[in-house]
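Could you walk me through how to read this model? I would like to learn by asking questions.

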Amino acid sequence: MSSKDNFTPNAYQLLDSGHGRKLEQFGEVTLDRPCAQAVWSPQFPKLWDHAEASFSRKDGLRWRGREKLPDAWTVPINGVTLKLSTTDFGHLGVFPETRGIWDWIRHKLNEARRRRETPLRFLNLFAYSGGATLAAAQTGAECCHVDASKGMVQWASENAGLNGLGEAPIRWIIDDVNKFLLREARRGRAYDAVLLDPPSFGRGKQGELYKIEQDLLNTLENVKNVLSKRPAFVYLTSHTPGFSPIVLKNLLRQLLPEAKHECGEMLLEGAPEVYPLPSGTWSTASFD
Ligand SMILES: C[S@@+](CC[C@H](N)C(=O)[O-])C[C@H]1O[C@@H](n2cnc3c(N)ncnc32)[C@H](O)[C@@H]1O
C-alpha cells in the first residue's frame, strides 16, 4: 500500500499506528504524530519513511520536517473542504475522527427538514475549525458556531468560504460556551440540534477555566435550556480519558430521558486492513 496511490477526493486516511504514534495522510501530506493509545506495534513499518514531517511532545513540543510542508493546504474530507496548517501544538485544523459525525448530522438534518416547514437551527459548541458547522450549513440549516478562540473562528469562517458557504446563514460567535448559553436562554433563543465537544481542559474568551469534570453537567443543563420545543438531536463527544461511550450516554439519558440514545467510539480509519484507532467517544439523543 502506498500513501500516494491511495489519494482520493476524500483525502484523509489513517495509514498505520503503533508504538505510541499514528501515521496519517492529509491530501498530499503524510504526517507522523503522537498517539498514546496506539500501544501495539506498527503493521506497516516501511510506510513510516513516507512521512514528510513528524511531531513530538518529548523535550517540549517539536515538529521535524515542518519546513518541507506548505504553510497551508486544503483537503476535501467527507464532503467538506478544510484549510490545514501545522500549529505549534501539533494540531492541523481538523480532528478527522469527527468526520463521520458530519455525515450523520447532514443525514439527520435533511431527514428532519423534510418533516418541517422552516429551516432547522443548528448550534455547534467548542466548534474549532467548523467541519460540523459547514456540514450542517450544506443542508440549509441556520447555524451558530461558538468557540472561545478568535483565531479558530476566523479559520472556520475561511473554511466556509472554501465551501461556497461564505454567504450561508452562519452566526460566528467568539465566546465562552457557558456564558453564551446563559445569554441565549435569557434572550429566549432556541436550537433544534446541538453538537458539543467539550475539552478536558480549556479557556473561555476572558480566560475562564473549563474543566470537563467540573463543568460538563452545567453545560448540559444550559444546552437543555436552549433546546427548541421540537428538537432533532443533541450530539455529545469527548476526548477525555474515562469519558467512555456509556458515561456520555448516561449523561444524555439523565438530561433527555424521552429521547432515543446511542453511543460508540470515534475512530481514525484507513484501508480495511489497517487497524482502526479509537480516538474519543460519542453519544446521541435523537427525537425525530
Ligand atoms: C478539541 S477542540 C474541538 C474540536 C471540534 N469540535 C471538532 O470536531 O473539530 C476544542 C475547542 O474548544 C474551544 N474551547 C475551549 N474552552 C472553551 C470555552 N470555555 N468556551 C468556548 N470554546 C472553548 C477551543 O478554542 C477549541 O477550539
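Predicted model: local features only at pLDDT ≥ 70, side-chain atom pairs only at ≥ 80, totals over all residues.

Q: Which domains does the assignment of the protein chain give?
A: Domain bounds come from an automatic or database domain assignment. Here that assignment gives domain 1 (12-78) and domain 2 (96-286). Their centres, taken over C-alpha atoms, are separated by 26 Å.

Q: How many residues of domain 1 are in contact with domain 2?
A: Two residues are in contact if their C-beta atoms, placed from the backbone, lie within 7 Å. By that rule, 14 residues of domain 1 meet 13 residues of domain 2. On the domain 1 side, strand S1 (12-18) and strand S6 (73-77) are the elements giving two or more residues, and S1 has the largest share with six. Strands (E, at least two residues) and helices (H or I, at least four) are DSSP runs, numbered from the N terminus.

Q: Which residues of H4 are buried?
A: A residue is buried if 20 or more other C-beta atoms lie within 10 Å of its own, exposed if 12 or fewer, and partly exposed in between, with C-beta atoms placed from the backbone. In H4, the buried ones are Val-177, Phe-180, Leu-181 and Glu-184. They cover an arc of only 95° around the axis (directions from the helix axis to the C-beta atoms), which puts them on the same side of H4.

Q: What covers the buried residues of H4?
A: The cover includes strand S8 (121-125), strand S9 (142-147), strand S10 (170-174) and H5. Just after H4, Gly-188 takes a positive phi of about 75°.

Q: Which residues of H5 are buried, and which are exposed on the face turned away?
A: Leu-216, Leu-220, Asn-222 and Val-223 are buried. Seen down the axis of H5, they fall within an arc of 160°, so they line one face. The face turned away carries the exposed Gln-214 and Asn-218.

Q: Which residues come nearest to the ligand?
A: A residue is near a molecule if its C-beta atom, placed from the backbone, lies within 6 Å of it. Of the 20 residues around the ligand, Phe-126, Tyr-128, Ala-148, Asp-197 and Gly-202 come nearest.

How values were computed. Residues numbered from 1 in each chain as written.
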